[in-house]
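Dear colleague,

I am passing on the structure that we talked about, together with some notes on what was found in it. Please look through it beside the text below.

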Amino acid sequence: MKKLVSVTEVEGEGIEAFMGERILVFCMNYFYEGKLVGVSSDLICLEEPHIVYETGAWTDKKYADSQKLHMPVLYIRSSAIESFGASK
């Protein structure tokens, strides 16, 4: 049996490392892109949010179909997030 003996919490790891940067968030139904301006235990907040309907080739400089949402910020429930990373 393998056991976890100690846990070290590292500040600024995970999604918090992207604070102030534009990120792409893969959720259960849609992809969202925007500037990460808030993180809590159950929500993240994107400023200047876009919904990405088609990424296009990952090597392209822009997404093939990314549409700006009508709101200045978008809150996404953390439980809906599958993965995230730096945006194009």
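What does the accessible surface of the protein come to, and what percentage of it belongs to carbon and sulfur atoms? The accessible surface comes to about 6400 Å², of which 53% belongs to carbon and sulfur atoms, with areas taken from the Shrake-Rupley method with a 1.4 Å probe and, for residues, only the protein chains shown counting as cover.

Please keep in mind that this is a predicted model, in which local features need pLDDT of at least 70 and side-chain atom pairs count only at pLDDT 80 or more, while totals for chains, interfaces and linings use all residues. Residues are numbered from 1 along each chain as its sequence is written, and side-chain values use heavy atoms, with hydrogens and water left out.

The protein has six strands and zero helices (strands being DSSP runs of E of at least two residues, helices runs of H or I of at least four, both numbered from the N terminus). Its C-alpha atoms fill a box of roughly 50 × 30 × 20 Å along the principal axes. Of its 88 residues, 30% count as buried, that is, under 20% relative accessible area with a 1.4 Å probe, protein chains only.

Leaving aside neighbours within four places in sequence, G38 is in contact (heavy atoms within 4.5 Å) with M19, L43, I44 and C45. The C-alpha atoms of G38 and G20, 18 residues apart along the chain, are separated by 8.7 Å.

Best regards

Notes
Buried < 20%, exposed > 50% of the residue type's maximum accessible area, 1.4 Å probe, protein only.
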